[in-house]
Structure formats: structure tokens, C-alpha cells
Amino acid sequence: ADRVDRSHRAPGNWHSDVESVDLTPGRDGTVTLTIDQEIEEPTADDSRHDNLEYVEIRSELLSEFYGRDVHLRAGVALPRGYDDEDSDRTHWPVLYRIPSFGDTHTRAERWAQILATTMEEVTPQTVIVVLDPESPLGHHGFVDNANHGPRGRALVEELIPHLEEEYRLVDEPTGRILTGHSSGGWSALWLQMQWPDVFGACWASSPDPVDFSAFQKSDIYEDESMFTDAGGELRPAFRQPTRQGGFEVAMTVEQEVGMERAIHPLGGSGQQWDTWRAMFSPPDDETGFPNLMFDSTTGAIDRDVAEHWKAFDIARLVDEDWSTYGPIITQRVRLACGRWDEYYLHHAVENLKEVVESHHGESVARSGGPHDAHDANDHDWGYIWLLDHATHSNIHNFITPRWNEEMRRYLREHGHHD
């Protein structure tokens with residue numbers, strides 16, 4: 001069957017009811033768990049909204065890679081006026097939204113409801129296409145690799161052409177813009193960097209690590225362990241604010257990885273660290289699952305696998321190939337992250353900002369005129385914006401009005417917005 005959900009949540013898996021048990025020392029009796037319930041195949045229902053349609057097509061590229069039928073999915077939310085026969089607009093630009101970790105194309109239902117009730121106040125005049133980034137190994141990030149197959153190619157060579165045949169969509173890069181948050185933010189940024197001839201501009205917030213020398217609190221190239229720092233202190237994976245105005249560590253990397261190992265010892269849990277393994281590591285010849293970049297019991301980093309991750313290190317790509325990626329990130333990318341990010345993602349964004357600024361003189365010369373590509377007050381160029389006091393959870397409160405206006409301005413300048 002065509003399974004798109006991850007590991008333990010995938011349709012076809014079986015489970016028991018939840019049972020309350022007594023685990024006190026010296027207890028009597030045997031605990032019985034009866035596995036008698038099957039997870040059913042989910043269905044995407046677009047009948048609740050007149051302006052929502054779900055699209056599913058068989059991917060030739062991915063089906064050939066996996067040796068079974070694999071489908072591409074998207075949720076299409078249509079704006080008011082799309083079906084107006086008297087409208088002067090014949091084709092609409094598209095805002096491609098990539099969901100955060102764990103979400104799918106069914107998030108389009110929320111945007112269909114928004115577009116049906118309002119537009120200018122919340123989002124620009126676009127068709128909103130919510131993509132499905134899920135795979136059996138987790139969020140695939142639209143990377144092309146030996147674990148996921150040609151995910152990026154399938155999107156740009158199969159799904160987007162199909163959508164542009166079925167709907168009245170602008171079929172040029174300036175009419176296709178990207179946005180995403182967290183894992184979706186990394187994916188949006190990756191697609192913009194890898195397919196600049198397909199997408200015109202990108203707005204990405206709080207992306208997964210964009211510099212692997214600041215992979216949350218670790219440097220995968222220099223550190224010995226992902227679990228502990230040089231002083232032997234456990235590395236945090238998630239923090240939460242306290243009432244006193246500081247932060248407290250709620251989960252360490254060792255704890256998070258241990259949970260994933262319990263779900264699937266070979267690395268197929270589809271949870272966060274196993275997801276990154278599937279995106280960045282080569283497959284293991286013996287198990288068929290992605291190679292460990294670090295030992296899941298000790299945290300020891302494997303230098304050979306870490307070297308393989310370099311191909312997906314956005315800051316490194318920008319630094320080493322500025323002639324290719326510099327113009328993209330300085331002119332097409334709007335990137336924002338809070339300095340209070342609960343997952344420590346701001347460290348990598350700060351490093352990427354420093355990399356871009358180190359090439360800043362060259363970017364000015366290439367653009368043909370002076371500008372500050374990283375000034376958050378400049379709406380006309382790309383920038384990297386670090387927001388004081390913004391977190392992973394609340395950053396949308398700070399950036400959404402500004403980004404809606406920037407998207408409108410961008411589309412208007414290219415003739416795609418009133």
C-alpha cells in the first residue's frame with residue numbers, strides 16, 4: 001500500500017487499549033495487553049468548504065524509486081473571486097505553504113476557511129497550496145536523496161505542472177512563492193535555494209538548523225558527542241520559559257533520542273532526530289535505514305556520516321558557493337527567527353547571517369546598487385531577521401503582518417496582485 005504516515009502512526013499498524021497498571025515494587029499479577037485495534041487509513045475531506053480541494057496524483061518518479069505506487073498530495077485553498085466569471089483576473093499566483101513537523105496537506109482546511117471569510121487582512125491575493133511533506137521516515141523536507149528518492153524533483157516536475165494544468169495558476173517563477181515554519185521553514189528555504197528557476201521568493205521562519213556547526217547546541221563537525229558538551233554537561237534539546245523570565249530545560253538530546261530508539265531501534269521512528277537522519281544521512285547497507293550520524297546510546301559522532309551531512313548544510317553551501325547561492329539568499333529569501341527559540345534554532349540562523357554578511361560587499365556589487373540585504377527595515381530585498389524576545393511558538397505574532405505586506409508588494413511589482 002502507499003503509506004505516507006510515519007512509523008508507529010502509519011495505517012495498518014496495530015495497538016491495544018490503554019491499560020492502567022500498578023508498577024509498585026512487590027506487586028502481584030500479570031499485565032495483559034491485547035493488540036486488537038488497527039490504525040485506519042486517514043481520509044482527507046474537502047466537502048466542508050466550497051473553496052477547498054484535495055489533489056492526489058501518482059508520482060512516476062517516486063513510484064519507480066520505491067518500486068510501488070507512491071502518490072503526491074496537496075490541499076488547494078481557493079480565494080474569493082476565483083470562480084467570478086466577471087473578474088479581470090484570469091490566472092492566480094500561488095503561495096506554497098509547507099507545514100511544520102508532523103502536519104500534512106490537510107492544514108489547507110484552515111486556509112480555505114480564512115480565504116472564504118477574508119483576504120487582504122490576513123493573506124495576499126493568491127491560491128494557497130499546502131504541500132504534504134510526510135513520508136514513512138518523517139518530514140522529508142523535499143530533499144532528493146537515497147532514503148526519500150527524488151522528492152524535490154517530484155514536486156517541481158510532476159505536482160506543480162499538474163496543479164497548473166488543473167487550476168488557473170500563474171506558470172512562472174514570480175507567481176510561485178514559498179513559506180513555512182520550523183521544519184516547513186527549512187524546507188521552504190531549501191526549495192528556494194535549489195530551485196530558483198521555479199520559485200520566485202521565500203518567507204521562512206524559525207527553520208530547522210541551517211548551519212550544522214550550530215545544530216541546536218552542537219557542532220557536528222567538531223564536537224565528540226551530541227549528548228554532552230566538552231565539560232560533560234547534557235546538551236538540551238528543548239527549553240521552556242519560566243515565570244521568572246528565564247528558561248528551564250525540558251528535554252535533553254539524550255532523552256529525545258532515547259524515546260525515538262524505543263519506538264524504532266533501527267532509526268525508523270519518523271520522529272525529529274530520525275527525520276534528520278533520513279534527510280541527511282546515506283542509507284545503511286545492512287539495515288536499509290539511514291545511517292546514524294551519532295551513536296543513539298552514547299552520542300558519539302560518526303565523522304564519516306557527519307561529512308555526508310555537509311551536502312545539506314545551507315550555511316556551508318552559501319559560504320562555499322557564493323556565486324550561486326549569494327544572489328538567491330540576499331534577494332529572494334526573507335528569513336526570521338526568535339532569539340528565544342525553544343529549540344535553540346536561532347544559533348544556526350545567527351551563523352548564517354554572519355556568513356552572508358561576510359560576503360556582503362560582493363552582494364552589493366552584484367545587485368548593481370547599495371542595499372543592506374539584512375536590514376529588517378528594508379522590505380525590497382532579502383534579509384535575515386533575528387527578533388529579540390520572540391520564541392518558536394509566538395514568532396508569527398511579530399512577523400505575519402509584515403510578511404503579508406511584503407508578499408503583496410512582491411506580487412504587485414510582478415503584475416500578480418491588485
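Visitor: How many cavities of 30 Å³ or more does a search of the whole structure find?

Guide: Two. This is a predicted model, where local features need pLDDT of at least 70, side-chain atom pairs count only at pLDDT 80 or more, and totals for chains, interfaces and linings use all residues. Residues are numbered from 1 along each chain as its sequence is written, and side-chain values use heavy atoms, with hydrogens and water left out.

Visitor: What counts as a cavity, and what as a pocket?

Guide: On a 1 Å grid over the protein atoms alone, a cavity is a set of points where a 1.4 Å probe fits but cannot get out. A pocket is an open set with protein on both sides within 12 Å along at least five of seven lines, and lining residues have an atom within 4 Å of a point. Grid points are joined across faces, edges and corners, and a volume is the space filled by probe spheres set on the points.

Visitor: What volume has the second largest cavity?

Guide: About 100 Å³. Its lining includes Glu-260, Arg-261, His-264, Trp-273 and Asp-274. Helix 5 (253-263) and helix 6 (272-280) each supply at least two lining residues; helices (H or I, at least four residues) and strands (E, at least two) are DSSP runs, numbered from the N terminus.

Visitor: And the largest pocket, what is its volume?

Guide: The largest pocket has about 510 Å³. Of the 20 residues lining this pocket, Arg-97, Arg-110, Trp-111, His-181 and His-396 are the closest to its centre.

Visitor: Which helix gives the most to that lining?

Guide: Helix 12, with six residues. Strand 5 (94-98), helix 2 (108-117) and strand 11 (176-181) are also among the elements that each supply at least two.

Visitor: Changing topic: how many disulfides are there?

Guide: Zero in the whole structure, a disulfide being a pair of cysteine sulfur atoms within 2.5 Å. The closest cysteine sulfur to that of Cys-202 is in Cys-337, and at 14 Å it is too far for a bond.

Visitor: Is Cys-337 buried or exposed?

Guide: Cys-337 is buried, because its relative accessibility is 0%. Buried means under 20% relative accessible area, exposed over 50%, partly exposed in between (1.4 Å probe, protein chains only). Cys-202 is also at 0% and counts as buried.

Visitor: Why is strand 16 largely enclosed?

Guide: Five of the five residues of strand 16 (residues 383-387) are buried, so the rest of the structure largely encloses this strand. Tyr-383, Trp-385 and Leu-387 lie on one side, with Ile-384 and Leu-386 on the other.

Visitor: Which strand is joined to strand 16 by five bridges?

Guide: Strand 15 (residues 333-338), and the two run parallel. Strands pair if DSSP finds at least two bridges between them. Leu-387 is the bridge partner of Gly-338.

Visitor: Where is Tyr-325 found?

Guide: In helix 9 (residues 322-331). Tyr-325 counts as buried at 12% relative accessibility. Leaving aside neighbours within four places in sequence, Tyr-325 is in contact (heavy atoms within 4.5 Å) with Met-193, Gln-194, Leu-317 and Val-318.

Visitor: Which side chain makes a polar contact with the side chain of Tyr-325?

Guide: That of Gln-194, at 3.5 Å. A polar contact is a pair of N or O atoms within 3.5 Å; within protein, one must be able to donate a hydrogen and the other to accept it, and residues adjacent in sequence count only if both atoms are side-chain atoms.
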